Amino acid sequence: MRKLFWVSCLFFLAACSEADTEEPYTVEDAKEDGHVIVEHQSEQFDQIKNGALEVENVKEMATFIKNVEQGTEDDLDVSIFSPEGSHYQNSFSYDGEAIRFVNNYGAYPSSPAGTFDCEYVTRRGPMVYVSNCQSEEGKDLSTLLSFVGTEKAFREAAN
């Protein structure tokens, strides 16, 4: 009977430890899922905005911006990876009237984590902003930095 108890405990512990060992989301997973991918090469925003990052599939971001400008519904997922490999997934959706920006990263200046409904999306150089936003809590925000890419990536996306 005692042996059965210990065997049961071992099975329980094994089951619990298997549930806790979820595989981390990787760049390869993001590629398969069609995300825009941003790999930060630094934790410092000044370095990131000056090109310390790698960007893939930025054409999807350019298409999203164009669709919003034309009033066409669209959605987009962005996977951001820190230098240590941590993953943050942001999303954009446009329903023909408003842009919903779900920011799970929250480390860019003046861009807190949260969900925001916004009126406009614009690209300025390698950065994308959403503006005239309201948080889920009802707080009005003028402009949020929502994406940092590279000029080169946007140029290549235009071709």
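1. Ser79 lies in strand 3 (residues 74-81); helices (H or I, at least four residues) and strands (E, at least two) are DSSP runs, numbered from the N terminus. Ser79 is buried, at a relative accessible area of 0%. Buried means under 20% relative accessible area, exposed over 50%, and partly exposed in between, with a 1.4 Å probe and protein chains only.

2. This is a predicted model, in which local features need pLDDT of at least 70 and side-chain atom pairs count only at pLDDT 80 or more, while totals for chains, interfaces and linings use all residues. Residues are numbered from 1 along each chain as its sequence is written, and side-chain values use heavy atoms, leaving out hydrogens and water.

3. What does the side chain of Ser79 make a polar contact with? The partner is the side chain of His35, at 2.7 Å. A polar contact is a pair of N or O atoms within 3.5 Å; within protein, one must be able to donate a hydrogen and the other to accept it, and residues adjacent in sequence count only if both atoms are side-chain atoms. Leaving aside neighbours within four places in sequence, Ser79 is also in contact (heavy atoms within 4.5 Å) with residues including Tyr25, Ala30 and Tyr88.

4. The largest nonpolar core has 36 residues, of which Met61, Val78, Val130 and Phe147 touch the most other members. Such a core is a set of buried Ala, Val, Leu, Ile, Met, Phe, Trp, Tyr and Cys residues joined through side-chain atoms within 4.5 Å. Not counting residues up to four places away in sequence, Val78 touches Met61 and Phe147, among others.

5. Most residues other than glycine have a negative phi. Asn57 sits in the loop between strand 2 (53-56) and helix 4 (59-70), whereas Asn132 is in strand 7 (residues 127-135). Asn57 is partly exposed at 34% relative accessibility, and Asn132 is partly exposed at 39%.

6. The structure holds six salt bridges, each a side-chain nitrogen of Lys or Arg within 4 Å of a carboxyl oxygen of Asp or Glu. One of them joins Arg123 and Glu151 (4.0 Å, N to O). This pair links distant parts of the chain, with Arg123 in strand 6 (residues 114-124) and Glu151 in helix 5 (residues 151-158), 28 residues apart.

7. Lys152 forms a salt bridge with Glu156, their closest N and O atoms being 3.9 Å apart. Lys152 and Glu156 are about one helical turn apart because they are four residues apart in helix 5.
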